[in-house]
Each structure stands twice: as structure tokens, then as C-alpha cells.
Amino acid sequence: MSATLARVEAHVFHTPIAEPIRTSFGTMTERVAVFVRVEDSDGARGWGEIWSNFPTASAEHRALLFADIVAPRVLGKTLDDPVALWSELDRALHVLRVQSGDAGALSAAAAGLDLAIHDLRARKRGLPLWRALGGSDDRPVPVYGSGLNPGPAAFDTVGRLRAAGYRAFKIKIGFGAATDLGTLRPVARALDEGERLMVDVNQGWDLRTACTMTPKLAEFGLHWIEEPLLADRPMIEWTQVAAVAPTQLAAGENLRGAGPFQEMIDSGLFGVIQPDAAKWGGHSGCLPVARAALAAGRTYCPHFLGGAIGLLHSLHLLAAVRGPGLLEVDANPNPLREGLLGDVLTVRDGGVSLPDGQGLGLEPDIKTLAPFRTLHLERRA
């Protein structure tokens, strides 16, 4: 008899940070994470993460949606085919996305569940997750340091990351021309041979600003310009920005659905496709997007800026499909990441080795995060 989903848990954590993280849409003064654990009727377990980076008040809400709306639709069901189960769940949740207007939260809750089920299934098969997802290449995965604050501190942060083994860096811009250009010039001038620099506008520009600012970035030799417009702007606006941009555009973290991703790929306007598996789709939804991007000659780079479990899932997903993409690794201190990873994912010469072991290759010891936990929910079949 096939094993069924018997139990789910959601754990919400909030932790203060010494240095706020600035983006064009707001400032993070704490870090949060929603980790989920699933267990089947054989006692096998798996871990996932629900995206809830900002605003941080969304963490408890998404955990409640996971426990009270998403989980009841899958508890007691077989886990033999995670992709079919996710597709069924995604269809069932669609009416609630429309009815509630809470599409992002519901999609993230379902994504966290899917990630955990894939981890469970890989562990039961005795395989590392990247192999269970179809990967065959066990070489180190290239990474880049992300989330670098603007201003003079960016130069020092790049130096720290370089010393730690990074060879690619992404700086947040969208704070006005003087701040953006003043941040980038010293960093770009100090880049070593072979290093790459990217920028993230975080949807911070309107069309006029984007068409004015992107040509000014030509002097920096950027590898990509990320989200210079709001993700939901029409393709005609993206076409205008791409026409004046000095390098490839990157986006995708704020899209939901296979259709919008395929439209993005087919448009030819984006060189880098960046679905976030903890925001939408999990592995079931994002793996086909990644493969479609590579088949079309685009670069797949998983987006992620959260806790340890989501980062590991992003690593395994990229390792499964490969291509020229890099793993996004948050450069800012975060106890909800380091507190679980330990020395897993140590960067060496621009890359990280794939973890040993089954599934994620890590059994998270969340007891170490007990002082930061604000909510624990459990539901059983």
C-alpha cells in the first residue's frame, strides 16, 4: 500500500538583525522564516520553506494558510507522484486565490509543501535531492553574493565576500542616480579578472526612469540588471527597457504560473530567468520552467533570499538542471540560515560543493532556533 501524507508542521521564526537590509521597496529590520516539515504514514520526513521575507508580518499568516487551508487538501493522500499532487492542489487553490486576493501567500504555502514532499521522497529513495530531480553532475555549483546594501558599505562587503571565496556580487540599487552610481563605481573599478557584478532594482523604477538609468549603467560591465520594472508591467514596457539596456535583463521571482514564465522565456527580452521555488511552484512547478529556460538558450538562476532550508532547495534545483546559472546566497548575516547550515555550503573559489546524504543532505536541528520561534502549528490526517 502506498504511503500517504500523515502529518504536517509549520514553524515560524523571527530574529532581529544588527544592520537593516535596504531595498527600493522597503527596509528589513528583522529576518523571518517559515519552515515546514511533512511526515508520511511510514514515518519518513521531509523539509520545506515558505517564502515570507518582507513584510515580515506575513510569516504567521502564511503558516496559518499552510496549516488550515493547504494541508487539509493533501493530508491522507498518496505521495507517489508529487508533481501530480501539486498540480491537483494548485487547481484546487485557484478559486481561493481569486476569491481572497491572497494569491502570493497561498502560492507560497503550497510551494513550501511541495518542497518538503520532494525532500521526503528523495530520502525514501536513498538519493540526494538533486539526483532525485534528474541531475547527474556532481561538480560544485557556482554562487554569487546577494542583497548587498547600497552606499559606501557595498565596497567593504564585496571585499569581505571576495575573501570568503565569492567571485560574483549583486548590489541593490534604485535609490536615485547619485546613490546608485556612487555605490557601483568603486566596486566596479576594484573587480578582479573573472569576477562578475550584477544589480537588482527590486522593481523600483517606472518606465521613464528605467529607460534613463539603464544606459548609465553601461560603464560597469554588468552581468545582468534585475527587475528594473514592476513584474506586472506589460511586455511593451519591458521591450523598451531591453532596447536601451547595456546588458541582459533578469526577472522572474515575482511571477506565478507556467504560462507567465513561458511568455517571459518566449519574449526573448530576458537573458536570466529567476523563479523562486519557495514563492511559487516548489520543485514541481519550477523544474519545468528551468528546463524550458535552458532549452530556449536562457540562463536559469534560482531566486532566494530567506532561511537555510529554502537555500538548500534552490541549490539542489540548480544542480539538477545546471546550465550557466549561479546560486543566489544572501550576503547578510541571518541566524535562520547560518544557525542551521553550520559548515554546509562553504564557498570555495566561487562555488559550493553539493552536500552529502539523502534528500537535502541536512537534518535541520530547529531546537537551536527555539529562542526565535513565534508560532508552531501541527495538523494530522
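**Close-up views: salt bridges and pockets**

**View 1. Glu378 and Arg7 meet in a salt bridge, with 2.9 Å between their closest N and O atoms.** This is a predicted model, in which local features need pLDDT of at least 70, side-chain atom pairs count only at pLDDT 80 or more, and totals for chains, interfaces and linings use all residues. Residues are numbered from 1 along each chain as its sequence is written, and side-chain values use heavy atoms, leaving out hydrogens and water.

View 2. Strands (E, at least two residues) and helices (H or I, at least four) are DSSP runs, numbered from the N terminus. Arg7 is buried at 13% relative accessibility, and Glu39 is buried at 17%, whereas Glu378 is partly exposed at 29%. Buried means under 20% relative accessible area, exposed over 50% and partly exposed in between, with a 1.4 Å probe and protein chains only. Arg7, Glu39 and Glu378 belong to a salt-bridge network that also includes Glu9, Arg37, Arg45 and Arg380.

**View 3. Glu253 and Lys279 form a salt bridge with closest N and O atoms 3.9 Å apart.** Glu253 sits in the loop between strand 8 (249-251) and helix 9 (258-267), and Lys279 in the loop between strand 9 (270-273) and helix 10 (282-295), so the pair ties together parts 26 residues apart in sequence. Glu253 is buried at 7%, and Lys279 is buried at 14%.

**View 4. The largest pocket holds about 740 Å³ of space.** On a 1 Å grid over the protein atoms alone, a pocket is an open set of points where a 1.4 Å probe fits, with protein on both sides within 12 Å along at least five of seven lines; lining residues have an atom within 4 Å of a point. The volume is the space filled by probe spheres set on the points, which are joined across faces, edges and corners. Of its 38 lining residues, those nearest the centre are Trp51, Glu253, Asn254, Arg256 and Lys279. Helix 3 supplies the largest share of this lining, 4 residues.

**View 5. The second largest pocket has about 330 Å³ of space.** Among its 18 lining residues, Tyr166, Val329, Arg337, Leu345 and Val347 are closest to the centre. Helix 12 gives the most to this lining, with 3 residues.

Technical notes: A salt bridge is a side-chain nitrogen of Lys or Arg within 4 Å of a carboxyl oxygen of Asp or Glu.
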